[in-house]
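Subject: Structure handover

Hi,

Here is the structure I promised to pass on to you. Have a look at it in your viewer first, and then read on for what I found.

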Number of protein chains: 2
Amino acid sequence: MKLSPLMEKFILHWGEMGTRWGVNRTVAQIHALLYLSPRPLPADEIAETLSVARSNVSTSLKELQAWRLVSVTHVLGDRRDHFRTTSDMWEMIATIIEERKRREIDPTLALLRQCVDEMQHDDETPKEVKERIKSMLAFITMLTGWFDQIMALPRSTQRTLLKLGAKIARFLPQETAAEK
Amino acid sequence: MKLSPLMEKFILHWGEMGTRWGVNRTVAQIHALLYLSPRPLPADEIAETLSVARSNVSTSLKELQAWRLVSVTHVLGDRRDHFRTTSDMWEMIATIIEERKRREIDPTLALLRQCVDEMQHDDETPKEVKERIKSMLAFITMLTGWFDQIMALPRSTQRTLLKLGAKIARFLPQETAAEK
DNA sequence: TATACATTTCAGAAATTACTGAAAACTTCG
DNA sequence: CGAAGTTTTCAGTAATTTCTGAAATGTATA
């Protein structure tokens, strides 16, 4: 696929962003390319477009599929797999957050719970340290709970909330601001 | 500072998490150590505790300060700098998100705006591609707008919203669910 | 079933990132 | 000012991550 300078700029930037967030640059570039592409692309075309090895594309696509960000389709009269990603930004972000939660937050919660559990019979660990761990567990639990609930709402409600922004505060029962 | 097995486990996990999110492992470990520590720690104590070079600690602490996650204090009768991080999880997360926004989202928005600007006189880039870039810009603009507004609310309101979770939908004007 | 096409695997090479230790720079106090 | 204490810088090294190309594996069709 021939890239215009605009497309190239976009893809390169996305690659950079990827690295900042712990995602392999090529993986992020492929994702960006597929996001822009009006049609699903076969692996060899991706390799050619981005000037990376075919094998690298293969590995990266597997990674993107593991993230549920890329899916396979087929084109009539072509034996090759073709790859595409959703063009719905909301869906894309939701998927990324869900996967990160599954891969990173959930194991962290598990560890924190284990820590809190073990600390009962642990007289080596200072009291203050135990408190810190407990409050981190409480906080992350609350935040992920919020997130799960919001994600379970119908898309239209989510969109309403997003559009409302801070105006949502208007709808809250009055005394809201009264706290320590 | 002597680490109990519990503390060690926590710090190692945090280091791993860091690497997943594009943060240097040592930087994340130091952050974790300071989070747990009941008192501010001097750099050499951090180095000793985590078994890394003093110079590495120095660099990492600078990094953490650049992220506004760590600050310097002094202890009476000690010429060394002592370092601490907030123990308020909400504040910590807010800082991390704000910094990431400043470093990564804002430049991305700038790039997207530039792309949208340039695409007017660009006949090399397919129409569909232009649309994708526009809708990404629209989406990120909306999301960061929401975030900025929520962050500007008083802490107590934020806490109320967080606690409410999906129940917030109850307070919305009725017809909410009516959309495409 | 054999052939052509397509994809994956993987060992080694290349590139990048992280770390160390020594020296330089800076700071405080006597 | 000078000595002692503290922090920073940075060149070289180490560790890790990424990438490639060749071989192996998988798959469809003739």
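Below are my notes, going from the chain pair to the DNA and then to the sheets.

One thing to keep in mind throughout: this is a predicted model.

**How the two chains meet**

Let me start with the contact between the protein chains. On chain A, 56 residues are in contact with chain B, which contributes 56 residues of its own. Five helices of chain A each give two or more residues to this side: α1 (5–20), α2 (25–36), α5 (89–118), α6 (127–152) and α7 (155–164). The largest share belongs to α6(A), with 13 residues. Sorted by class, the residues on the chain A side are 32 nonpolar, 15 polar and nine charged.

How are the copies related?

**A helix pair across the interface**

α1(A) packs with α5 (residues 89–118) of chain B at an angle of about 175 degrees, and their axes are 11 Å apart. Angles over 145 degrees count as roughly antiparallel, so that is how α1(A) and α5(B) run relative to each other. From α1(A), the contact is made by A:Leu6, A:Lys9, A:Phe10, A:His13, A:Met17 and A:Arg20, while α5(B) brings B:Glu104, B:Thr108, B:Leu111, B:Cys115 and B:Glu118. This contact of α1(A) with α5(B) has five nonpolar, two polar and four charged residues.

**The DNA strands**

Next, the surfaces near the DNA. There are 20 residues around DNA strand C, and the closest are A:Ser55, A:Asp81, B:Ala53, B:Ser55 and B:Asn56. Two or more residues each come from α3 (43–50) and α4 of chain A, and from α2 (25–36) and α4 of chain B. The largest share, five residues, is from α4(A). By class, the surface near DNA strand C has four nonpolar, eight polar and eight charged residues.

DNA strand D has 19 residues around it, of which A:Ala53, A:Ser55, A:Asn56, B:Ser55 and B:Asp81 come nearest. Here at least two residues each are supplied by α2 and α4 (54–66) of chain A, together with α3 (43–50) and α4 (54–66) of chain B. α4(B) gives the most to the surface near DNA strand D, namely four residues. The class count for the surface near DNA strand D is four nonpolar, eight polar and seven charged.

**The sheets**

In chain A, three strands make an open sheet in the order β1-β3-β2, with antiparallel pairing. β1 (41–42) and β2 of chain A are at the edges with a single partner strand each, so one side of each has no neighbour in the sheet. β1(A) is joined to β3(A) by two bridges, and A:Leu41 stands opposite A:Phe83 in β3(A). α2(A) packs on this sheet and touches β1, β2 and β3 of chain A, its direction making about 85 degrees with that of β3(A).

One of the pairs is A:Val70 with A:Thr85. β2(A) and β3(A) form a hairpin with six residues between them, and A:Gly77 in the turn has a positive phi of about 80 degrees.

In chain B there is an open sheet of three strands in the order β1-β3-β2, also paired antiparallel. Two bridges join β1(B) to β3 (residues 81–85) of chain B, and B:Pro42 has B:His82 as its bridge partner in β3(B). α2(B) lies across β1, β2 and β3 of chain B, at about 85 degrees to β3(B).

Methods
Residues numbered from 1 in each chain as written. Chains lettered and ligands numbered in written order. Predicted model: local features only at pLDDT ≥ 70, side-chain atom pairs only at ≥ 80, totals over all residues. Contact = placed C-beta atoms within 7 Å. Nonpolar A, V, L, I, M, F, W, Y, C, P; charged D, E, K, R; others polar. Near = placed C-beta within 6 Å. Axes fitted to C-alpha atoms, helices over the stretch in contact; angles between N-to-C directions. Parallel < 35°, antiparallel > 145°, perpendicular 65-115°, else oblique. Pairing = 2+ DSSP bridges.
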